[in-house]
Amino acid sequence: MGGNRSGRPTSNDSGTEWTIECARRYKKPLLVCNVDDPKARSKIQPWIDGNRMSIVNIAGPSEATVSGVGERAYSLLRRVFEEIASE
């Protein structure tokens, strides 16, 4: 999952595609980010800072499709939220 040259999110995962569609439909902030991207943390924090949110929906491919993705996503987001909390 990632973005194309136009900056629009792209994905080959149906769950991610559905999340993108719902975010657009309901005009909700959207960030598509690959948990394996070394720059993911530097993309997530400014996005969080720039959008006033009380609930964040995290979606993506399932463990059946991408083994270990849940743990990698959890680890990434834990680091991001720990950095935010320490500010």
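**Who is buried, and how we know**

Guide: In H2, the buried residues are Ala40, Ile44, Gln45, Trp47 and Ile48. They cover an arc of only 165° around the axis, which puts them on the same side of H2; the arc is that of the directions from the helix axis to the C-beta atoms. Please keep in mind that this is a predicted model, where local features need pLDDT of at least 70, side-chain atom pairs count only at pLDDT 80 or more, and totals for chains, interfaces and linings use all residues. Residues are numbered from 1 along each chain as its sequence is written, and side-chain values use heavy atoms, with hydrogens and water left out.

Visitor: What makes a stretch count as a helix, and how many helices and strands are there?
Guide: Helices (H or I, at least four residues) and strands (E, at least two) are DSSP runs, numbered from the N terminus. The protein chain has three helices and two strands, and from the N terminus on they run β-β-α-α-α.

Visitor: How do you know that the span of helix H3 agrees with its number of residues?
Guide: The expected span of a helix is 1.5 Å times one less than its number of residues. For the 18 residues of H3 (residues 69-86) that should give 26 Å, and the end C-alpha atoms are 26 Å apart, so the two agree.

Visitor: Which residues of H3 are buried?
Guide: Val69, Ala73, Leu76, Leu77 and Val80 are the buried residues of H3. Their arc around the axis is only 90°, so they lie on the same side of H3. On the face turned away from that buried side, H3 carries the exposed residues Glu71, Ala85 and Ser86.

Visitor: What covers the buried residues of H3?
Guide: The cover includes helix H2 (40-50), and the buried residues of H2 pack against H3. Contact here means heavy atoms within 4.5 Å. Ile48, for instance, touches Met53, Val80, Phe81 and Ile84, not counting residues up to four places away in sequence. The face of H2 turned away from its buried side carries the exposed residues Asp49 and Gly50.

Visitor: What makes a group of residues a nonpolar core?
Guide: A nonpolar core is a set of buried Ala, Val, Leu, Ile, Met, Phe, Trp, Tyr and Cys residues joined through side-chain atoms within 4.5 Å. The largest one has eight residues: Cys33, Ala40, Ile44, Trp47, Ile48, Leu76, Leu77 and Val80. H2 and H3 are the elements that give two or more residues to this core, and H2 gives the largest share, four residues. In soluble globular proteins, nonpolar side chains tend to be buried together.

Visitor: How many of the residues count as buried overall?
Guide: Of the 87 residues of the protein chain, 21% count as buried.

Notes:
Buried < 20%, exposed > 50% of the residue type's maximum accessible area, 1.4 Å probe, protein only.
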